[in-house]
Amino acid sequence: MDVFDKLLVSIRRCHSAAIVIVFLLMATATAEGADPTYNAPGTVNSPVRIAVIAHRGIEKARREWTPTATHLSNDLASAVEMIPLDLSEMDQAVQDQKIDFVIVNPGAYVELSLKYGISALGTLEKRIDGLPVSTFGGVVSAKAERTDISSLSYLQNKRLLAVSAISFGGYQVLMREMDKLNLDMETDLADVSFTGFPQDNVVTRVLAGEADVGVVRTGVLEAMAREGKIDLKDIHIIGSRGHPRFPLAASTGLYPEWAFAKLNHVPEALAKDVLRSLLTISASDAAARVGRYAGWTVPLDYTPVHNLFQELRLGPYEAVHFSVTDFIKQYWIAAAFVALLIVFVITHSLLSRRMVTRKTSELVVAQADIRNLNSGLEVAQRIAHMGSWQWHIPTGALYWTDETYRIFGYEPREFDASYEAFLATIHPEDRALVEDAVGKALETKSSYAAVHRIILPTGEERYVSEQGELVLDDQGVPATMNGTVLDITERHRAEQEV
């Protein structure tokens with residue numbers, strides 16, 4: 001290939017690279033001007049996934065909410081999939097971000113919002129007997145003949161059926177009412193059992209005599225009556241409460257209706273389009289008629305739901321308020337053991353202190369006796385067992401007096417008096433102590449003192465106390481050390497006996 005051909009190849013490569021760069025710039029400009037994950041209405045888009053709690057069963061939820069999905073799909077020009085789930089499945093789906101929106105009861109909404117950051121777009125509004133209703137609660141019922149259970153306070157020692165411990169309208173709202181009466185659902189009732197969804201099961205099993213009472217969300221009894229499943233004449237409402245402009249039977253306070261909420265990964269443009277579509281649903285539309293609701297309104301204040309969870313320490317507030325009383329109730333065996341251990345430690349400490357005080361007093365008396373002895377014959381004995389020595393540091397030679405030889409168990413001049421030989425006479429466990437004391441004296445150019453054991457040639461073990469004064473040469477270098485050695489074996493034994 002000649003130079004001209006090489007030039008043509010280079011030009012072609014540059015031209016190709018330029019085309020690629022232009023396309024990349026065009027794609028970047030397009031991406032900056034549009035939402036990367038959502039196309040506006042009228043364009044092809046990935047399916048929008050909406051999960052709804054199936055509180056009356058999967059198939060019933062699918063039938064009731066499919067028209068709502070169809071309404072949204074027509075407005076968004078995009079497929080909308082409605083996915084009925086139970087409470088545990090809903091939590092997992094939100095955690096895994098397998099869905100985009102949720103339709104959930106207020107209890108589930110508060111918990112999911114605190115755990116995963118979902119945010120409400122609207123609150124469900126129903127129309128009952130011509131009245132717009134955007135609140136609901138719980139209703140407790142029994143068989144008609146159970147007139148002996150006239151109020152919620154009579155639930156004590158009764159058998160209760162509920163849909164789930166985490167069902168808001170089907171259990172938790174009743175827990176709050178019972179708490180106000182100072183009654184605990186777990187300890188003051190004879191039994192609490194859960195049926196699972198649908199909530200209709202609670203009503204039918206109570207009528208079958210499987211429990212004394214049952215709790216469901218408001219509206220379930222009336223819906224079952226409309227469907228011909230029950231006759232309200234067979235039902236006795238317990239603790240019936242009348243609420244203004246609320247035409248359903250209720251035994252508890254009222255709370256905001258279900259929330260339509262978005263997950264935090266949903267683009268704002270999509271959320272706005274979904275909200276606009278929801279707000280256009282009227283009571284006459286198929287979505288509302290089949291779904292048995294009137295429409296959607298702006299999000300209500302869900303603070304009462306937070307208050308319920310905080311008071312009962314449920315859901316996200318379960319571990320926030322944990323008192324000493326709660327700990328003792330839950331871990332009373334461990335608490336009792338800890339209390340006994342504390343009592344033992346305090347008692348042992350007091351007894352030990354008394355013993356130490358008594359022994360200290362005895363030791364003071366004994367030391368006084370020893371001092372008295374030292375002032376008499378003991379002085380003469382100690383002087384008789386005192387020797388002296390001189391250590392010439394540069395050569396390691398150690399010069400003892402005759403008395404020092406005897407203290408160490410040798411006849412005069414029988415022992416090779418060198419520093420290394422001297423260390424060999426010291427008890428193996430005390431050699432490091434003596435070497436440290438000598439080393440410190442040489443290093444700091446100060447006096448030497450040590451109490452240690454020696455091993456006599458006979459194998460006998462004795463205690464000696466040594467002291468020495470360091471002498472420096474003209475250059476300030478340690479030259480010799482003059483010292484004394486005192487046999488304190490008898491004194492040591494006396495102190496040990498005390």
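Q: Where in the chain is the place of Pro198?
A: First, some ground rules: this is a predicted model, in which local features need pLDDT of at least 70, side-chain atom pairs count only at pLDDT 80 or more, and totals for chains, interfaces and linings use all residues. Helices (H or I, at least four residues) and strands (E, at least two) are DSSP runs, numbered from the N terminus. With those names in hand, Pro198 turns up in the loop between strand S9 (191–194) and H6.

Q: What kind of peptide bond joins Phe197 and Pro198?
A: Most peptide bonds are trans. Here, though, omega is about 0°, and the bond between Phe197 and Pro198 is cis.

Q: What is the phi of Ala77?
A: Ala77 sits in the loop between H2 and strand S2 (80–85). Most residues other than glycine have a negative phi. Ala77 isn't a glycine, yet its phi is positive, at about 55°.

Q: Is Gln97 buried or partly exposed?
A: Gln97 also has a positive phi, of about 55°, without being a glycine, and its place is the loop between H3 and strand S3 (101–104). The cut-offs for relative accessible area are under 20% for buried and over 50% for exposed, with partly exposed in between (1.4 Å probe, protein chains only). Because its relative accessibility is 38%, Gln97 counts as partly exposed.

Q: Which residue forms a salt bridge with Asp91?
A: Side chains of opposite charge can pair when their charged atoms come close. The rule for a salt bridge is a side-chain nitrogen of Lys or Arg within 4 Å of a carboxyl oxygen of Asp or Glu. For Asp91, the closest N and O atoms of the pair are 2.7 Å apart, and the partner is Lys115.

Q: In which helix do Asp273 and Arg276 both lie?
A: Asp273 and Arg276 make a salt bridge, with 2.7 Å between the closest N and O atoms. Asp273 is buried at 15% relative accessible area, while Arg276 is exposed at 51%. The two are three residues apart, about one turn of the helix, and that helix is H8 (residues 268–279).

Q: How many salt bridges does the count come to?
A: Among them is a pair between Arg462 and Asp487, with the closest N and O atoms 2.8 Å apart. Lys60, Glu64, Asp200, Glu227 and Lys229 are linked in a salt-bridge network. The count comes to 25 salt bridges.

Q: How much space lies in the largest cavity?
A: Rolling a probe the size of a water molecule over the atoms shows where empty space is left. On a 1 Å grid over the protein atoms alone, a cavity is a set of points where a 1.4 Å probe fits but cannot get out, a pocket is an open set with protein on both sides within 12 Å along at least five of seven lines, and lining residues have an atom within 4 Å of a point. Points are joined across faces, edges and corners, and a volume is the space filled by probe spheres set on them. There are three cavities of 30 Å³ or more, and the largest holds about 90 Å³.

Q: How many charged residues does the lining of the largest cavity have?
A: The lining includes Trp389, Trp391, Trp400 and Glu466. Ala, Val, Leu, Ile, Met, Phe, Trp, Tyr, Cys and Pro count as nonpolar, Asp, Glu, Lys and Arg as charged, and the others, Gly among them, as polar. By class, that gives nine nonpolar, no polar and, for charged residues, one.

Q: Which residues lie nearest the centre of the second largest pocket?
A: This pocket holds about 550 Å³ of space. Its lining has 14 nonpolar, five polar and eleven charged residues. Of the 30 lining residues, those nearest the centre are Lys126, Ile128, Arg226, Gly291 and Arg292.

Notes. Residues are numbered from 1 along each chain as its sequence is written. Side-chain values use heavy atoms; hydrogens and water are left out.
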